Amino acid sequence: KLYGDQCQVMLDAMAEHFPASVTWTKPEGGMFIWVTLPQSIDAMKLLDQSLAARVAFVPGAPFYANEPATNTLRLSFVTVPPERIREGIAILGKLIKDML
């Protein structure tokens, strides 16, 4: 239940702060949300900027066996309280918009 609540907080924050060109999964379980950015955004470059803003995520490219999608990332919602989730997603959304 706790993970489900935290997941919903993140999904709601993403819907509010991410541009329409960003898509993501809506997990029915687990601990992560998979995000696909516009093709023009490299998640590694976004990571550098987000870490400077004290927001972390895992780039998606290492999860591909063959051709990596450099515009993907994985967000965890289980280790962060709801207030911090909302704050972090707002920051990440602004950084993504700035890269478009």
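This is a predicted model: local features need pLDDT of at least 70, side-chain atom pairs count only at pLDDT 80 or more; totals for chains, interfaces and linings use all residues.
Biologist: How do the axes of α1 and α3 cross, and at roughly what angle?
Modeller: Helices here are DSSP runs (H or I, at least four residues), strands likewise (E, at least two), numbered from the N terminus. Helix α1 covers residues 2-17, and α3 covers residues 82-99. Axes are lines fitted to C-alpha atoms, for helices over the stretch in contact, with angles from 0 to 180 degrees between N-to-C directions. The two axes come within 9 Å and cross at roughly 30°.

Biologist: Are α1 and α3 roughly parallel or roughly antiparallel?
Modeller: Angles under 35 degrees count as roughly parallel, over 145 as roughly antiparallel, 65 to 115 as roughly perpendicular, and the rest as oblique. The crossing is at roughly 30°. Therefore α1 and α3 are roughly parallel.

Biologist: What is the C-alpha separation of Val 9 and Arg 86?
Modeller: Val 9 sits in helix α1. Along the chain, Val 9 and Arg 86 are 77 residues apart.

Biologist: Is Val 9 buried or exposed?
Modeller: Buried means under 20% relative accessible area, exposed over 50%, and partly exposed in between (1.4 Å probe, protein chains only). Val 9 has 16% relative accessibility, so Val 9 counts as buried.

Biologist: How many salt bridges are there?
Modeller: A salt bridge needs a side-chain nitrogen of Lys or Arg within 4 Å of a carboxyl oxygen of Asp or Glu. One of them joins Lys 1 and Asp 5, with the closest N and O atoms 3.1 Å apart. By this rule, the count is 3.

Biologist: What separates Arg 84 and Glu 87 along helix α3?
Modeller: Their side chains meet in a salt bridge, 3.3 Å from N to O. Arg 84 is partly exposed at 29% relative accessibility, and Glu 87 is partly exposed at 42%. Because they lie 3 residues apart in α3, the separation is about one helical turn.

Biologist: What is the N to O distance in the salt bridge of Lys 94 and Asp 98?
Modeller: Lys 94 and Asp 98 are 4 residues apart in helix α3, so about one helical turn separates them. Lys 94 is exposed, at 52% relative accessible area. The N to O distance is 2.8 Å.

Biologist: Which residues make the nonpolar surface patch of about 380 Å²?
Modeller: Patch residues have over 30% relative accessible area and no salt bridge; like charges are joined within 9 Å, nonpolar side chains (Val, Leu, Ile, Met, Phe, Trp, Tyr) within 5 Å. Areas come from the Shrake-Rupley method with a 1.4 Å probe; for residues, only the protein chains shown count as cover. Leu 2, for one, is exposed at 57% relative accessibility. The patch is made by Leu 2, Tyr 3, Met 31 and Phe 32.

Biologist: What is phi of Arg 54?
Modeller: Arg 54 lies in the loop between α2 (43-52) and β3 (58-59). Arg 54 is exposed, with 69% relative accessible area. Phi is positive in this residue other than glycine, near 65°.

Notes:
Residues are numbered from 1 along each chain as its sequence is written. Side-chain values use heavy atoms; hydrogens and water are left out.
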